[in-house]
Structure formats: C-alpha cells, structure tokens
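Q: I'm new to this one. Can you walk me through some of its charged pairs?
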Amino acid sequence: MAEILVIAAHPTLEHSRVCRALLAALQPSAPSTADPRTEVRDLYALYPDYFIDIAAEQRALAAARLVVWLHPVHWYSMPPLLKLWLDEVLAFGWAYGPGGTALRGKDLWLVASTGGDEASYHPGGHNRHSFSAFLPPYEQTARLTGMRWLPPLVLHGAHRVSEAALDVHAQTFRQRLHDWPRWPGLAMVRADGRFDVPADARPAPD
Ligand SMILES: Cc1cc2nc3c(=O)[nH]c(=O)nc-3n(C[C@H](O)[C@H](O)[C@H](O)COP(=O)(O)O)c2cc1C
C-alpha cells in the first residue's frame, strides 16, 4: 500500500497523448528505481467491465495520504468510470456521513488535460467560462470528505502543445509527486480551501 495513490481514468489510453505521457513519466527506468511511495491504479485497465472492487479501492485509499485523479476532461467533467468510482467507493458512512471519516486529512490533487486551449476557457472564448468554473463539484467532494484540495495541474490545448512542452509538463508532474508534501506554499493551503496569509506578509499597522 502506497502513500501516494494515482487514480488514472482514461477510456482509450492507447490513443492518449497526455495521460500516457504522464503515466510514462512515472515508470521506473529499472525495478530498483521504482518509487515505493506511489501506486498507480488504471481504472479502465482494472475494470473494463465497470465492475469495481470497492473493498480493494477503499483499502488503497485508506493507506494513501495523497490521492491524485488523473484524467482527460470529457464534457467539462471526468470520464464515466471515474464518476462511477466516486459513486461506489466514496460510500456513505465510509467517506462521508455518520462515521464516514476514512478520507479525512488526506490531500486530493486533480491532474487533468483539456482539448480547448487556455484562451477558450475565458468569458470571450468558446468554452465561455474559466476552467476553474468547472471545478466546484471536485472541490466540494474534497471538502465533504475532509480532504484538502490542492491546486490542480492542468494542461490546456492537449493536441496542440509541442512535444517539448508536453515533456516539461510530464516532468513537472513527476517532480511534484516526488516533492509532495514539500510543495512551496502548501503549508498555507487549509483544508477548507482557503489560504492563510502569513502575518509577516502584511505591513505592520501604524
Ligand atoms: C468524449 C470527449 C469529450 C471531451 N470534452 C472536452 C471538454 O469538455 N472540454 C475540452 O476542453 N476538451 C474536451 N475533450 C478533449 C480532451 O480533453 C482531450 O482530448 C484530452 O484532454 C487529451 O488528453 P489525452 O491525450 O490523454 O487523451 C473531449 C474529448 C472527448 C473524447
């Protein structure tokens, strides 16, 4: 059981550009260099029939301290098997509700990609809203289950970014996992999603 749990959800990983590059960046060059802190669970490979092993998923989640959701954005949201995973695994009395404290205190990190480029996620662009406007259901899921919502890592324009930019993105992903929880500023991100501004960041009152 690993303290970093990457839940990957791509319905056609063989055709993926981004998700595949990110997962490849986690592959060890040799078994001896495998990162024992990290477990990747590829939902579409594990459950091609959508029959999710809820107990196994809950065991992996319970052991984790950082949960990562890695997926392409499909219809402004997550692919369907990840949604089903939430419906079934984050159960009442386990993840929320009376006695539902299994996820409390963990970190949740969304790593996603969009076909739309950054400019399209703008009031004047064809997606009409900033990308963050599509995230409240994710953030509230984190909050309801007592997880701390970390700033997402998003790659826009997934089909148009250069190979070099994709490689930088994949290495950023790998490095962030390696560095977690020692991310700059992370200590200031509170469980309720607010940021504590350090007292010394303000001028002293006259
Ligand atoms: C069914 C489907 C729905 C999609 N919906 C969106 C969307 O709502 N917004 C968007 O920007 N891109 C959308 N896309 C594009 C994907 O986000 C994009 O292909 C993906 O992030 C690329 O990552 P990948 O190379 O790992 O597949 C959609 C793609 C598919 C297949």
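A: A salt bridge here is a side-chain nitrogen of Lys or Arg within 4 Å of a carboxyl oxygen of Asp or Glu. This is a predicted model: local features need pLDDT of at least 70, side-chain atom pairs count only at pLDDT 80 or more, and totals for chains, interfaces and linings use all residues. Residues are numbered from 1 along each chain as its sequence is written, and side-chain values use heavy atoms, with hydrogens and water left out.

Q: How many salt bridges does that rule give?
A: The count is eight.

Q: Which side chain does Arg-17 meet in a salt bridge?
A: Glu-163, at 3.0 Å, N to O. Arg-17 sits in the loop between strand 1 and helix 1 (18–26) and Glu-163 in helix 6 (residues 163–179), so the pair ties together parts 146 residues apart in sequence. Helices (H or I, at least four residues) and strands (E, at least two) are DSSP runs, numbered from the N terminus.

Q: Is Glu-163 buried or exposed?
A: Exposed, with a relative accessible area of 55%. Buried means under 20%, exposed over 50%, partly exposed in between (1.4 Å probe, protein chains only). Arg-17 is partly exposed, at 25%.

Q: What about Arg-65 and Glu-3?
A: Their side chains form a salt bridge of 2.6 Å, N to O. Arg-65 is in the loop between helix 3 and strand 3 (66–72), Glu-3 in the segment before strand 1 (4–8), 62 residues apart.

Q: Which residues are linked in a network with them?
A: Glu-3, Arg-37 and Arg-65 are linked in a network of salt bridges.

Q: New topic: where does Arg-41 lie?
A: In strand 2 (residues 38–42). Arg-41 is buried, with a relative accessible area of 12%.
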